[in-house]
Amino acid sequence: MTTRIRTRVAIVGAGPAGLILSHLLADAGIESVVIDQRSRAEIETTIRAGILEQGTVDLLTAIDPGTRVHTVGQRHDGIELRFQGEGHRIDFPGLVGRSVWLYPQHEALKDLLALRLSQGQDLRFGATAVRVEGVDTATPQVSGTDADGAEFVIDAEFVVGADGSRSVVRQAVAGSSRDGHFREYPFAWFGILCEAPPSAHELIYSNSDDGFALISQRSPEVQRMYFQCDPDADPNALSEAEIWETLQRRVPGTTLTEGRIFQRDVLRFRSFVAHELRHGRAALVGDAAHTVPPTGAKGMNLAVADVIILARALEALLVRNDERLIDAYAETALRRIWKAQHFSWWMTSMLHVAPGTSDFDRLRQIGELRSVVESEAGRTFLAEAYTGWPVES
Ligand code: PHB
């Protein structure tokens, strides 16, 4: 027997984009159902990136004044760009009057899930979307199977794909699940979590002759670090000593504080933007719409910006029957998405050393880094993008 569920907006995906959207819609008096194929425990424990722009923190605080971003999270007023053995600080408040927060995404998800559930949100874990149909009508549907394998159909007035890079909704919006603008990179990140105190006050983005490394943090006791590796690298092939030796070599001029490594992974990365972000009564947000390499720390922030734009458009459509904002959604969101694509690509290509790089390219890269850190205009460009541009309406 098929269960039928009626709602106004069917949201596929309970990541930051889906949960924040359900919240903004509820504020506008619009009921939604959120489904996710993962369990709650899986959503709350998957390790993702950790940098939130000022605008993202402002939104999380408006949604939940008790958010732990201000207690568990940490404000960061700058980053260090390191090359040729020297560190150069980019002072965010001094340059652009804004900061960022280090707050792991799964912690933000714990806050958002608890809040949505306490407010009575219909939120179904273990529910897999299989098909989206009827997006050219006023009553689109999401069909799927729940945690016990039973079939369900959600009848809605609008369907939102917040279902990540392997989006099922993308097929109904873009015509194909792989249709989009792509760029692959000839490297990946080897990521670790270790038990150690922070090695530095702020994040270090380090360019060295051996390749890139990022020294990030998680808490006073746990640190997150990455180094550039081959996309096919096996995370278990290196010993702890080899990992530390690689990291130390990639951050010349400083000594990292070492500790037990308790998690390791290889993150392949690419740039992607779907050809269509909206078709009829369906739209894509977050990783379903685009992917950025992690070097610019834009992933979650870009998802939040999409959602702010889409929530306003859905309120106009579903409360006032005004189609203008939904018709403009893709164009409005894409302006920011392509700026973020450029910034993420730029940080990636400026800091990594591609296999087979020529002397010319290596020296040009150092020239590029110098032209950023030695110029207030250069540092300001970086700080403006890293801390986040204002959201357009
Ligand atoms: C992280 O802490 O996971 C992180 C921080 C900054 C980035 C990417 C990842 O640019």
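The exercises below, each with a worked solution, concern a predicted model.

**Exercise 1. Strand S15 and its partners**

Find out how many residues of strand S15 (residues 203–208) are buried, and describe how S15 pairs with S6 and with S16.

Solution. 
- Step 1. Buried means under 20% relative accessible area. By this criterion 6 of the 6 residues of S15 are buried, so the strand is largely enclosed by the rest of the structure.
- Step 2. In a regular strand the side chains alternate between the two faces of the sheet.
- Step 3. Leu-203, Tyr-205 and Asn-207 lie on one side of S15, with Ile-204, Ser-206 and Ser-208 on the other; all are buried, and both faces are covered.
- Step 4. Strand S6 (residues 78–83) is parallel to S15 and joined to it by 5 bridges. Here Glu-80 stands opposite Ile-204.
- Step 5. With strand S16 (residues 211–215), S15 pairs in the antiparallel sense, over 5 bridges. Asn-207 stands opposite Phe-212 of S16.
- Step 6. S15 and S16 form a hairpin, with 2 residues between them.

**Exercise 2. The ligand site**

Identify the residues that come nearest to the ligand, and state how much of the ligand's area the protein buries.

Solution. 
- Step 1. There are 13 residues around the ligand, of which Tyr-205, Ser-216, Arg-218, Tyr-226 and Pro-294 come nearest.
- Step 2. By class, this shell consists of 9 nonpolar, 3 polar and 1 charged residues.
- Step 3. Tyr-205, a buried residue of S15, places a polar side-chain atom 2.7 Å from an oxygen atom of the ligand.
- Step 4. For Ser-216, an N or O atom of the side chain is 2.6 Å from a ligand oxygen atom.
- Step 5. For Arg-218, a polar side-chain atom lies 2.8 Å from an oxygen atom of the ligand.
- Step 6. The ligand taken alone exposes 280 Å², and the protein buries 99% of that.

**Exercise 3. Single residues**

Locate Gln-84 and Ala-297, give the phi of Gln-84 and of Ala-297, then decide whether Ala-297 and Arg-268 are buried or exposed.

Solution. 
- Step 1. Gln-84 is in the loop between S6 and strand S7 (86–91). Its phi is positive, about 50°, although Gln-84 is not a glycine.
- Step 2. Ala-297 is in the loop between strand S21 (290–291) and helix H8 (299–320). Ala-297 is not a glycine either, yet has a positive phi of about 55°.
- Step 3. The relative accessibility of Ala-297 is 15%, so Ala-297 counts as buried.
- Step 4. Arg-268 belongs to strand S18 (residues 260–274). Exposed means over 50% relative accessible area; Arg-268 has 59% and is therefore exposed.
- Step 5. Arg-268 and Tyr-185 are 83 residues apart along the chain, and their C-alpha atoms are separated by 8.5 Å.

Methods: Residues are numbered from 1 along each chain as its sequence is written. This is a predicted model: local features need pLDDT of at least 70, side-chain atom pairs count only at pLDDT 80 or more; totals for chains, interfaces and linings use all residues. Side-chain values use heavy atoms; hydrogens and water are left out. A residue is near a molecule or strand if one of its heavy atoms lies within 4 Å of it. A polar contact is a pair of N or O atoms within 3.5 Å; within protein, one must be able to donate a hydrogen and the other to accept it, and residues adjacent in sequence count only if both atoms are side-chain atoms. Accessible areas come from the Shrake-Rupley method with a 1.4 Å probe; for residues, only the protein chains shown count as cover. Ala, Val, Leu, Ile, Met, Phe, Trp, Tyr, Cys and Pro count as nonpolar, Asp, Glu, Lys and Arg as charged, and the others, Gly among them, as polar. Helices (H or I, at least four residues) and strands (E, at least two) are DSSP runs, numbered from the N terminus. Buried means under 20% relative accessible area, exposed over 50%, partly exposed in between (1.4 Å probe, protein chains only). Two strands pair if DSSP finds at least two bridges between them.
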